[in-house]
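Hello,

Here is the structure I promised to pass on. Please open it first, then read the notes below it.

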Amino acid sequence: MATIEEKATPLVDDQIHRTNRASTASLIRPVDSLPQPSANPASSKGGGGVVVMTVRWWSDSSEDGIVEKGVPWWRRSGGGVDGGNRGGRVVVLAMTIGVDVKYLRLPVMLRAQTRHPLDPLTAAEISVAVATVRAAGATPEVRDSMRFIEVALLEPEKPVVALADAYFFPPFQPSLLPRTKGGPIIPTKLPPRQARLVVYNKKSNETSIWVVELSEVHAVTRGGHHRGRVISSNVVPNVQPPMDAVEYAECEAIVKEFPPFREAMKRRGIEDMDLVMVDPWCVGYHSEADAPNRRLAKPLIFCRTESDCPMENGYARPVEGIYVLVDMQNMVVVEFEDRKLVPLPPADPLRNYTPGETRGGVDRSDVKPLQIIQPEGPSFRVDGHFVQWQKWNFRIGFTPREGLVIYSVAYVDGNRGRRPVAHRLSFVEMVVPYGDPNDPHYRKNAFDAGEDGLGKNAHSLKKGCDCLGYIKYFDAHFTNFTGGVETTENCVCLHEEDHGILWKHQDWRTGLAEDGKIEAEVRLTGILSLGALQPGEVRKYGTTIAPGLYAPVHQHFFVARMDMAVDCKPGEAYNQVVEVNIKVEEPGEVNVHNNAFYAEEKLLRCELEAMRDCDPLSARHWIVRNTRNVNRTGQLTGFKLVPGRNCLPLAGTEAKFLRRAAFLRHNLWVTPYAHDEMYPGGEFPNQNPRVGEGLATWVKQNRSLEENDIVLWYVFGVTHIPRLEDWPVMPVDHIGFMLMPHGFFNCSPAVDVPPSSCDSDVKDNGNGNENGNGVVVTKPLQNALLAKL
């Protein structure tokens, strides 16, 4: 068994994946012939703060109801269209598909596993992985010191996923695999699933990465005798892993018990420590004092006014002037200073946001219920984590760091079959830098994914509030700090939403349609991080919210990593990226009316050419094209990235947070796929002393992007100048982007959407009485499939 004392290098994934690639060849063997179903026969009618992240899937067809379980998607009934307008659907993420294996006429095969290679780890698998690693510890002392930061699926190489999708799991598409000379290939088995663990040794202050092979027989079912097998164990030097909620709670307790801190609070009139809130923040990296040889936190202090009101908004009373540095490894205060006595802000009568009288107010009484009714159920189907919604199909996953992950996105396009769009989509980082140079606000530059984990901080969703209509929920399983398994119920929801008119045209000659888009949306809300002011003081780096209280200016940045596969079957790497800018034609003979403009394309040939920024003045966007597939006009098929509102960091080039967040310097980065290039700031941004680690360093290789396996890194953000209306809790703000088909289809993919026949509205007759005589009118709907985290 490997132990964490073994010497190793920080780049452990390369060795792991070389081993996986070498083993892939043994998983398949050629056969002389194999009956295969058409990828999509002609008769097919395809089935296929707080941050809320949403993905909308725009479809070209509307199917009301769920196809009977066991009926393959290519046997679904078709339908014509009529009329001059259409309602569309947007799916807000979820997923069941039953496939008749006899209809496929494949030989009966024993599955090497019952879970798809990309399914998130189950609670049982996490328990097995933790038990295996703990048992492999060299001594009882080592085992007792283990703290489990993250346990996640080690995603297999793409060929393994292709095999699973071809023969073992939906969508059952052997036609997508490469052919051998002797005929198609058929797997004899799939490799066991593997878990990747990030483990912190509390005694030695070491971080290690473990890989554990999981078996189908789990420890929880066999008395702990079958724990799995350690594949590798490697210590990663000079890093600090993300913080854990258990550490935060322990930090608050030891600060409250620290005598100099209690004395400082007493100077401010506070003796009841139950009123005090201690929020630990990672220190980031500003000097050698923040080096990762120590695990450090610098807490922010707040104080409530009433001990008998646990729902009081304590963030309305920041405690300024107290400097605290905590050693999180040994849980001791290592530095303390009461630097300046800043009076506590007076209690703001508008500070609370709880319902009605509990906040000293009255709730509205004129809000009527809004109900979403789907009497025939939803149009999506879910089989495990595989989702079919009209002509889209994909898999959903979940990691403690990223939260929601979407895999194997494809579109079923008539006789062209299942056409891939992307292999993997996720948000890989979120950075929030503050613009106030005063202490402690200049240190506020949280990496919410790399220092804490977006997935681990996800909340349970609630019907009627976060999700509407017919909902499919997915739970998420995580390890806690000591290795136990915790479950966040209803962590992801999938439902359909009315998204307005899909298309409408009244011209007597033709019709016009659009769609086939994927929309990513981030919704921001939450409580402002505030500072206290001296009497009469005003700061230009924020907004005065209440007497003695101000909110510093700041920005929110998100990084979407999109492993694209536009029209690429497994094993193919035929994508390229072009930038499109709108140019105004110079006045002259070809532009006598001075009204001409045109789109100019530029191929991004290498990584250093592909560090690009948004430019709304030229309507700049980018297209991922397949270099070997064309549409009916002979143009290359593609999907374009359409930016939404965006910004760049409003900080000097030498800003300390940009050492760790160099990826924020551009809105778009493009790299060729590499299995170990997952996080734009490197895997361990917490207290990271290395300048520009991650994306900014990878692109210096200046690798070719011409006809390659392309990964887009889109950085988008918002600059938040706080308003009084953002207090006590900020209303939702929306930012995002779209992936839109560009020459991917031969015409609008939305023309076959039938008119809505069961949705209706009551037209107000002017009397204002909901029980009066209203006129029922047909309402065309556009729906979307949304996945919410």
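**Surface patch**

Leu370, Ile372 and Leu468 together make a nonpolar surface patch of about 290 Å². Keep in mind that this is a predicted model. Leucine 370 sits in the loop between strand 14 (332-338) and strand 15 (380-383). Leucine 370 counts as exposed because its relative accessibility is 73%, and the cut-off for exposed is over 50%.

**The chain as a whole**

The protein chain has ten helices and 37 strands. It runs to 789 residues, and 56% of them count as buried. The accessible surface of the chain is about 34,400 Å². Carbon and sulfur atoms account for 52% of that surface.

**A buried leucine in a loop**

Leucine 214 also lies in a loop, this one between strand 7 (206-213) and strand 8 (229-236). Is leucine 214 buried or exposed? Leucine 214 is buried, because its relative accessibility is 4%, and buried means under 20%. Its contacts, leaving out residues up to four places away in sequence, are Leu121, Glu125, Val128, Ala129, Pro192, Arg193, Gln194 and Ala195. Arginine 229 is 15 residues from leucine 214 along the chain. The C-alpha atoms of these two residues are separated by 6.9 Å.

**A buried charge**

Aspartate 327 belongs to strand 13 (residues 322-327). This aspartate is buried, yet it has no salt bridge. Which side chain of opposite charge is nearest to aspartate 327, and how far away is it? It is arginine 294, at 6.1 Å. A salt bridge needs the charged atoms within 4 Å. Leaving out residues up to four places away in sequence, aspartate 327 touches Arg295, Leu296, Val332 and Val334.

**Cysteines**

A disulfide is a covalent bond between the sulfur atoms of two cysteines. How many disulfides does a search of the whole structure find? The search finds zero. Take cysteine 614. The closest cysteine sulfur to its own is in cysteine 647, 9.6 Å away, which is too far for a bond. The cut-off for a disulfide is 2.5 Å between the sulfur atoms. Cysteine 614 is partly exposed, because its relative accessible area is 22%. Cysteine 251, by contrast, counts as buried, because its relative accessibility is 0%.

That is everything from my side.

Best wishes

How values were computed: Residues numbered from 1 in each chain as written. Predicted model: local features only at pLDDT ≥ 70, side-chain atom pairs only at ≥ 80, totals over all residues. Heavy atoms only, no water. Patch = residues over 30% accessible without salt bridge, like charges linked within 9 Å, V, L, I, M, F, W, Y side chains within 5 Å. Areas by Shrake-Rupley, 256 points an atom, 1.4 Å probe, with all protein chains shown as cover. Helix = DSSP H or I, 4+ residues; strand = E, 2+ residues; numbered from the N terminus. Buried < 20%, exposed > 50% of the residue type's maximum accessible area, 1.4 Å probe, protein only. Lys, Arg positive; Asp, Glu negative; His and termini not counted. Contact = heavy atoms within 4.5 Å.
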